[in-house]
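Student: I have a structure to go through with you. Could we take it topic by topic?

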Amino acid sequence: MSELTGNRIRTTAAKLGLPHLAETINEFNRRADEGKLDYLDFLDLVLSEELAVRDDRRFRQGLRLSRLPHHKTLDEYDFSFQPDLDPRKVKDLATLSFIEAKANAALLGPPGVGKTHIAIALAVAACRAGYSIYFTSLDDMVRNLKAAEAAGRLTSKLGSYLRPSVLVVDEVGYQPLERAEANLVFQVISKRYEKGSIILTSNKTFSEWGQVFGDEVLATAILDRLLHHCEVVPINGPSYRLKNRLQAIERETDVA
């Protein structure tokens, strides 16, 4: 390939919005020569790599916008430490079929068992698959909605929680809500019903949600919409955080 041809391809690629091709045309040409690729194989190579670069760029941008506190995977989750948790339930969720069906997933259990880890891992997998993600704790969501309501911007702020394909709501039940606050949560759940998925974590059983939301009727209305299409995964095992703390104490004791 002549330098003139290479420059012309770079210019055309830039105009077409193919930055990877514009930057790596010489490398593609070398690989084509070494592999003795015909025209169609060469075109397949170029388009496949350009698509992979675009997908990776979209994935990284999606993670930036998701507000996930960190990026975990299911490979990092220690299922052996939670023998009562059936890994198949989590791996079924990891197929993301529930997101395609606009259904929900609820991870229930005491603090420290890895509920948030699994929720984030599912969100990361969904982001990689092309779904938009947004992460929030329940308390943060309520606080933001209350502030927006007071400023006359509730409809606009609701959009932040309604637009994503997947809304991750962490720590449901850690703080009880007033009825007006619970009504804001109901608006989010109700408007997302059968339109987008919710992944939530809670340290409370569903029978305790009346206490969480300060109103049995409102809690029932929330659960009715949330659980109509929902995969529920209970995790009733020991705390990872406590395990790590005990191990640290044991190490400190051994040293002493």
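**Pocket, cavity and helix packing**

Student: How many nonpolar, polar and charged residues are in the lining of the second largest pocket?

Tutor: That lining has six nonpolar, five polar and two charged residues. Here Ala, Val, Leu, Ile, Met, Phe, Trp, Tyr, Cys and Pro count as nonpolar, Asp, Glu, Lys and Arg as charged, and the others, including Gly, as polar. Please note that the model is predicted, with local features needing pLDDT of at least 70 and side-chain atom pairs pLDDT 80 or more, while totals for chains, interfaces and linings use all residues. Residues are numbered from 1 along each chain as its sequence is written, and side-chain values use heavy atoms, without hydrogens or water.

Student: What volume does the second largest pocket have?

Tutor: The second largest pocket has a volume of about 220 Å³, the space filled by probe spheres set on grid points joined across faces, edges and corners. Of its 13 lining residues, Gly-62, Leu-65, Ser-132, Ile-133 and Pro-164 are the closest to its centre. On a 1 Å grid over the protein atoms alone, a pocket is an open set of points with protein on both sides within 12 Å along at least five of seven lines, a cavity is a set where a 1.4 Å probe fits but cannot get out, and lining residues have an atom within 4 Å of a point.

Student: Which element gives the most to that lining?

Tutor: Helix 3 does, with three residues. Helices (H or I, at least four residues) and strands (E, at least two) are DSSP runs numbered from the N terminus.

Student: Why does the second largest pocket lie between the two domains?

Tutor: It lies there because domain 1 (1-66) and domain 2 (74-242) both give residues to its lining. The domain bounds come from an automatic or database assignment.

Student: New topic: what volume does the largest cavity have?

Tutor: The largest cavity has a volume of about 70 Å³, and the count comes to one cavity of 30 Å³ or more. Among the residues lining the largest cavity are Leu-138, Met-141, Trp-209 and Phe-213. Its lining divides into 11 nonpolar, no polar and no charged residues.

Student: At what angle do helix 7 and helix 8 pack?

Tutor: Helix 7 (residues 138-150) and helix 8 pack at about 155 degrees, with their axes 8 Å apart.

Notes. Axes fitted to C-alpha atoms, helices over the stretch in contact; angles between N-to-C directions.
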